[in-house]
Structure formats: structure tokens, C-alpha cells
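Please find below a colleague's note on the model shown here. The remarks are arranged as numbered points.

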Amino acid sequence: MRYTLSDGLGAFVFITYTDTSIPEMERSRPLDSLPPTSSKCMDKVLPVRRPDKGGTSATRSTIVRVNHFPVKFNSEKIILHYDVDVKPEVLPKHGRSVKIPKSILFMIKEKLFSDDPSRFPLSRTAFDGEKNIFSAVELPTGKFKVEFSESEDMKIRSYIFTIKLVNQLELRKLVDYFSGKLLSIPREILQGMDVVMKENPARHMISVGRSFYPVKFSENDDLGQGIVSSRGFLHSLKPTAQGLTLCLDYSVLAFRKPIPVIDFLEQHVKGFTLNDFRRVRKEAEVALKGLKVRVNHRLCKQKYTISGLSGENTRYLSFIAEDPEGKSSSKKVGIIDYFREKYGKDIKYMDLPCLDVGKNNRKNYVPMEFCILAEGQRFLKEKLDNPGAQKLKDMSLALPRVRENNICEMVRSRTGPCGGDVINNFGIEVNMRMTTVAGRVIMAPELKLGGAHNGRMSKITVDRNKCHWNFVGKSVVEGKHIRRWAVLDFSAYEDSKRLRPDEFIPKFVRRCAGLGIVMAEPLLYQSAGMNAFSNVDILRELLLGVVDRVYKSTRNQLQILLCVMAMKDPGYNYLKWFCETNIGIVTQCCLSFPANKANDQYIVNLALKMNAKLGGSNVELIEQLPHFENDDGHVMFIGADVNHPGARDSGSPSIAAVVATVNWPAANRYAARVRPQFHRSEKILNFGDMCLELIETYAQVNRAKPEKIVVFRDGVSEGQFDMVLNEELADLKEAIQRGRSYNPTITLIITQKRHQTRLFPENKRERGGEDWNLGQNVPPGTVVDTVVVHPFEFDFYLCSHYGGIGTSKPTHYHVLYDEHRFTSDQLQKLIYNLCFTFVRCTRPVSLVPPVYYADLAAYRGRLYHDALELERSGPASAAPFDERSYRLHGDLENTMFFV
């Protein structure tokens, strides 16, 4: 295998190795000679190394605790990796293999191990629930017959449990990696150790994705409606500069209570009574369908899925009972008599229907009173009532001190990753104290705003603690003249939520003028009803009518259409798609209730969004961005992200978005390209072409192509870094090389918000600062780039925003490729300064704007997809996606329509 290694200064060397010894160096070769895609036999580029020992620039230093717990391991230990295959001894009649549910796989494995504990020691093994067992001792291999019954009255089934040794994970290779002898991390060892760390909570807790939640719930966490919140955690092992660490974070989810079905219906279904079930039958069936239940009229481990309710009440239900031995003829048996004779159970609620828990269209009726909801059934927070949703939100947004205490309790818990004796048997030990790290707070930039009356530019110093600013007595840097605009009022026929246009419009126009955004009176005020959103034909004709009327009276296109809604509505998606891809007009939507209140901050935010969409400039930095301040060349910032469909959507396309700056040195105006791509494909399929389009746009606007490009890529995990570096970046370089004599320098940076690392300030006076952080978050501009970061590669954590609610989550920035030779200080300051240029608010944002905008643009593409479903009157995923349906109208291609 040959790898390209960057030294962090833009130079690369190839390295070839076949074992774990120190690799041999070869001659240098530039990246742009690489093919656009990689494979096992091709040259690969590795991420750049850290260019220094971390940054030094700071207004003050700070001490933070990080939820990384140091992990020690026995380097002489070998973890044995076994592949597991479980199949029924007798295959189904149709001959096709049937996937065995995880819960059944777990019970089969437990049965094998409990039947022969000397050869299969449970406490010395870890199972991932599917195909892999990791063991601290040697296990017998081969095929093993396991006889297993899910309940006392079900026949025993036989399974063949096949175990095969596939790898020996030598933990000394981790030591070699940390010492620099191995270039790439031994990921299979980390994965094995990660399964080991998850084994104890997997046995004692409820698993949801990568998170774990306790089986028992507290009455204090009741959310109403038969729903309860549960405080759990998610964790992973991370290689860091201090060695291996356990990173664990607090998590909250809502679950249905594991209570009797009738009790759940009494709490969950409004108006439910045992005496008049018919009145709420439909609501009850919706609430129960698809849920899993256990039964209590017999001993049974099995969970059953509710497919519906019986058509008749229990007292009238009967079925044809057949003699399994065939000695007597079939006979009709009533459910009431069957349960009395078979199980000695008298049915109390005979005027309720039974639950149908049958499979494959075969009925299997069980009276409700014998069914209990299974534990661990998640309830979507969007479906909670207002009090329950607020309580769950308050629990999720725990204050730093509360979150820190919860994390420490979970690490020490007997059911947590460090509980029991599993990890000790693998030679793993976890330090129960959080890591303490020295951080830095870097200086906020000075900003440029206009004067409210004279229009002269003024220098603004932001608030020291929160880094906020405001537009009181100030204006935007460049306000657009809005001469042609109209109001489409969908709230006009709503009694209590109707817009008061005679009050709102004049106030809005006056406030925009104060901001330096000159607005004429609207050319048209069109009243409409919210019912227009429920019919795409009516909505389409309404929009076309407004545009046509304005064009006929002015012979010009509308600059912007202000759409006032009485409430949120899915029809919003169609409005945006039709206006932005078909008509070619910018829209700004708002709700009538806050518009009538006309709070100054609300009106300012509305005006800032409109100005940005029309090409204005709201705020700019006084000084040029670090590293580029003495450079005469043009610089472009690119952001890229992919939006994936929901968890239960198995066919809709993923949506890729790429945005890029089109001005320099302000670097605050962007253009976007949005494309659909294959379902759940994280790789941006046309990344090079999309970037090239944006480079050409930059050239049209500035009459020069950018000589330096900084790419921020969002939404990828560490396991996908290689794909971004060796496929997407290579695709970009190949696209650029199509242009003769054009070869810009490139830096590629991954941004991550979906990580578990949290920073907690020390409760003592910060050096050089006031005791501002008692019980609060770390201040904006806090950087951590030592101890808890990657052992060798160029990464850091930056908390660029003020955390007024809950616990701030820093953004993790990881540099994969750098031809600009950034130092830590330069790159950290550049990103922090960019966070002040976000057009929609008057404070720094938590994520660098190119990525923030890419996320917004990708989400807009998702709205387009939903709109296309309405347009086609059916699932858009049923037909192949058509890129043309997502392409912007030519008049909007280079605007910030997505903000």
C-alpha cells in the first residue's frame, strides 16, 4: 500500500509499507497528479500533520474540563475477533433465509453461553448484537446447535450458531500508532474495544442507536400522555494527544411508558373511557399500531407487534381451533372460553376489542388487559403536547454544571461502560476524572457598520462577554433599494391571526429606511387565505397572478415578494420551490402574529434577511481575514453539505449543496448549487462540477478567478475522511484542471458538530478575566487545541458563539489538506472572524458560515423534494429524481435565496 503524507506545509511524500515496522520514505509527488478516485492499489493522501504545538494568541487563558476520561490498556493483550452466523436449523418452506431480529439473536447467544459457561465465559466476551464477538479468551469455533423457546407454550426451535475466528487484535499496535510507528490508526482495534466498552450497558440498558437509556424511569420525568423522558448517554473511544480516552455525553429521549396497554390508552388518548371505547377507537388504533407488547397471561420472553384491533369486541370474538394431533375435528371456540380453559384467566374488559398481534395476515388476538407495552419504545418529541415538549427541552438543555455532574455519574454507574467486570477482563481501565485542559479565548474582530443618518462607515467593538452588537443608531454596510415589492397576505381571512397591514407595512418601511435599506411603498397588496396552501393549483395561480400584475404595471420583474402566513404550513415548501425554480423571484415569508407585535429586533432580522437575499451587505470585518491580509489575490470560501432523508424514508434522494463566496475581501455574499443524489450517499457525486460552476460565477462577478480556495466540508465522520480527501478533493482538482493555466491553492477542512466533546469551565477566576463562568458556559472564542485533540493531525475545538441556553457545544475543525501553510493561530482566527459575518443575526454563530449556508441550502433542496411530491400527487421517490427540477431559475442562481 502506498500513502501520500503531508507535512502540513503543502509538501507530500509517498510512503510504502507492508507490515507494522517504520515505513520507508520515497520521493515527493504532487497531489494533482493523482487519479480522481482511490482504491486499495492506488496512491492515497493522508491528512496533514499539525504545523505547530498549537496556537498561542489569546486575550486571556482559561482552564476547562473536557468529558474525555483517560483509558489505560494492557499493550500485551490480544483481543480475539470472531465472526458469528446464526440460522434456523430447519429453513422455512420457501427456502429463503429470514433475518433474525437482534433481540432474538441476543437471547440465542445468551442461551449458548449460559449452557456452557466454562467454554463460553460471558464476562470475557462482548457482542455487537449482529455479526461480531470480541473475546479476551479463546473460544471454541465451529457449528453449535442451540435449542431455544421464546415462551413456555411455544415449541422449541433449533438454531445453528457458527463461530469463526477472523482476526487477532494486538493492542500493542495502538501503542505503535501513538508513538508514530504506524501512520494510519488501527481502526479495527478501536472498533473492537468500542464494542467491549458498550457490552455492560448493552446488557443492562435500553439501546437506541449509539445511545443507552435506563430501563426504569423516574416519576419526576413524566411528560404526560403516557410518555416519560429518560436520561441516558452516548460514548465512544477517541485517540487523542494524551492517549486513548473515553468520551461520554449526556442524552435525553422521550419513551412510551412500559405500562399496561389500557393504562397507556387512559393517559394518552383524550376522552378514553372503558365504557365507551367506540368513540375513541380510531385514535386508540393509531396510538397503538406498530407498538411492541409483552403478554402477562403466560411466561413469555417474546415481544409482539400490534398490527391493529379486532373488528368486534372481545365478548363476540371466536376462532376455529384445530387439534394439532389431528385426532378430533376443528371447532369454534370463543376467546373468553379459550383464555379461561387454557390459562385459567377470566377476561374482565369484554367490551373492548382485542389487540391483533398476528404476522403475515394471520390473526392472533390477545385481550388488551393481558398486554403491557414493551420498554424502550421511543416517542417523537414533535408529537408531544406543549408542556411535555417544554419539559423535555429543559431536560435536554441542561446547564453546564448539571450536565457535568450527570456525565460523571454515568461514567461511575454500575450499568455504564465502566460497570461490571467486562472491561477489566480485557485489560482496560478508565480514569473516572475528566481531563483538565488549558484553553485560550481569542479576540473578537472589530466590525464595520454604516451610520444611520450620514451613511458613513463606523467601527464597532462587540460586547466583551456575549460578543453581540445591534443596529440601534446604525445601518447596514450596503442597503439595497427595494423599489418593486409586493405583499401576499395569506392571513387575510383568519379572524384572530390576521395581519394588520396598515400598521405593519409603514412601520416596516420606516425601520428599513433607518437601516439604510430604502423601500418604496409596495406595488401590490394581495389578500388570500391559508387554504391556498392545501391546493398547489390554487397556490400556483395565485403566485403567477401577483407576478403578472406587477409586470404589467411596471414592465419589470418583482425584486421580492413578502408572504405573510397565519401559521406554518407544508405548502410553504411548494411556494419556495415554485418561486425559486420556476418564476425566478425572491420571497420572504413571515408569520402574522410576530409581524403585528412589530418588535424592533424581529423587524431588523426580517430586513437583514431581505437585504442579504437581494445582494446587500449587512456587516463586514474591519480588517482582512488572517493569513490573507497582505495578499493581492482573490480568495474563495466554499461550504459543502449533504442532507439525508428521515430514518424511515427508504427511497428519497439525498440532497447535496455547495455554496461559495462571490466577493472579496468582504467574503460575505454567497451563491449556491443544489443537486439531488442517490439515497443516503454521503459522497457529493458532482462536487467538482458544482465547485467549478461557482468558480466561474466568481469570475463573472469579479473578472478574476480565485487564486486561493478554502473548502469547508460538513457532515462526515472520521471513517469518511479518506473519501473526502481522496475522492471529493481529487474530483475538485480534476475539474479545475480542465481550465488551462488555472491552478489555485486549496485548503480542505472538515467541520463537525455531531460529536460528544463538551467543554466545562473551571469554577474559579480565569487568568486575565473576571469570574464570569460560574455555572455558565465557556466564553465565545474559546479554543482547545491540545491534550484532547488528535495525536498528530491538525484539528481543534472552537466555541465561537455565546451559550445562553444549556451547555455550549464547540465545533470540531479538522484540516485534511493545506496548501496555504496555515498556522494554528491564523486558521483559528480566520474561522472565528468569519463567524461574525453571518447575515441573519447580530452575534457570532456556532458554525463557520460557508458550512452554515450549505446546510441551509441543502435543507432548501429537501423542501424542493417535498414540494415535488405535492406537484406529482404522489411519492417523488417512486420515480427517478430529475436534477432539472432542483435547478434554480437563472435570475436567482447567484443570490442568497436560502437565508
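The points below treat the basis of the model, then its sheet, helices, strands and individual residues.

1. Basis. The structure is a predicted model, in which local features need pLDDT of at least 70 and side-chain atom pairs count only at pLDDT 80 or more, while totals for chains, interfaces and linings use all residues. Residues are numbered from 1 along each chain as its sequence is written, and side-chain values use heavy atoms, with hydrogens and water left out.

2. Helices (H or I, at least four residues) and strands (E, at least two) are DSSP runs numbered from the N terminus; two strands pair if DSSP finds at least two bridges between them.

3. Eight bridges link strand 36 (residues 654-661) to strand 37 in the antiparallel sense, and Val 658 stands opposite Arg 673 in strand 37. Contact here means heavy atoms within 4.5 Å.

4. Pro 665 lies in the loop between strand 36 and strand 37. The peptide bond from Trp 664 to Pro 665 is cis, with omega near 15°. Most peptide bonds are trans.

5. Helix 6. Ile 335, Ile 336, Phe 339 and Tyr 343 are buried in helix 6 (residues 335-343), where buried means under 20% relative accessible area, exposed over 50% and partly exposed in between (1.4 Å probe, protein chains only). Seen down the axis of helix 6, its buried residues fall within an arc of 110°, so they line one face of the helix; the arc is that of the directions from the helix axis to the C-beta atoms. The cover over these residues includes strand 20 (318-321), strand 21 (331-334), strand 22 (353-356) and strand 23 (365-367).

6. Strand 16. What encloses this strand? In strand 16 (residues 243-256), 14 of the 14 residues are buried, so the strand is largely enclosed by the rest of the structure. Strand 15 (residues 227-240) runs antiparallel to strand 16 and is joined to it by 14 bridges, with Leu 237 opposite Leu 246. A hairpin through two residues connects strand 15 to strand 16. Strand 6 (residues 68-73) is also antiparallel to strand 16, through three bridges, and Pro 70 stands opposite Thr 245.

7. Helices 11 and 12. Helix 11 (residues 536-554) and helix 12 (residues 571-583) pack at an angle of about 45°, their axes lying 11 Å apart. That makes helix 11 oblique to helix 12, since angles under 35 degrees count as roughly parallel, over 145 as roughly antiparallel, 65 to 115 as roughly perpendicular and the rest as oblique. Residues that meet across this pair include Leu 539, Leu 543 and Val 547 in helix 11, and Tyr 574, Leu 575 and Phe 578 in helix 12.

8. Most residues other than glycine have a negative phi. Gln 225, in the loop between strand 14 (222-224) and strand 15, has phi near 65° and is partly exposed, with a relative accessible area of 22%. Cys 467 has a positive phi of about 60° and lies in the loop between strand 28 (457-460) and strand 29 (474-475); Cys 467 is buried, with a relative accessible area of 3%.

9. Cys 563. This residue of strand 32 (residues 560-565) is buried, with a relative accessible area of 0%. Leaving aside neighbours within four places in sequence, Cys 563 is in contact with Leu 488, Phe 490, Leu 575, Gln 588, Cys 589 and Cys 590.

Notes:
Axes are lines fitted to C-alpha atoms, for helices over the stretch in contact, and angles run from 0 to 180 degrees between N-to-C directions.
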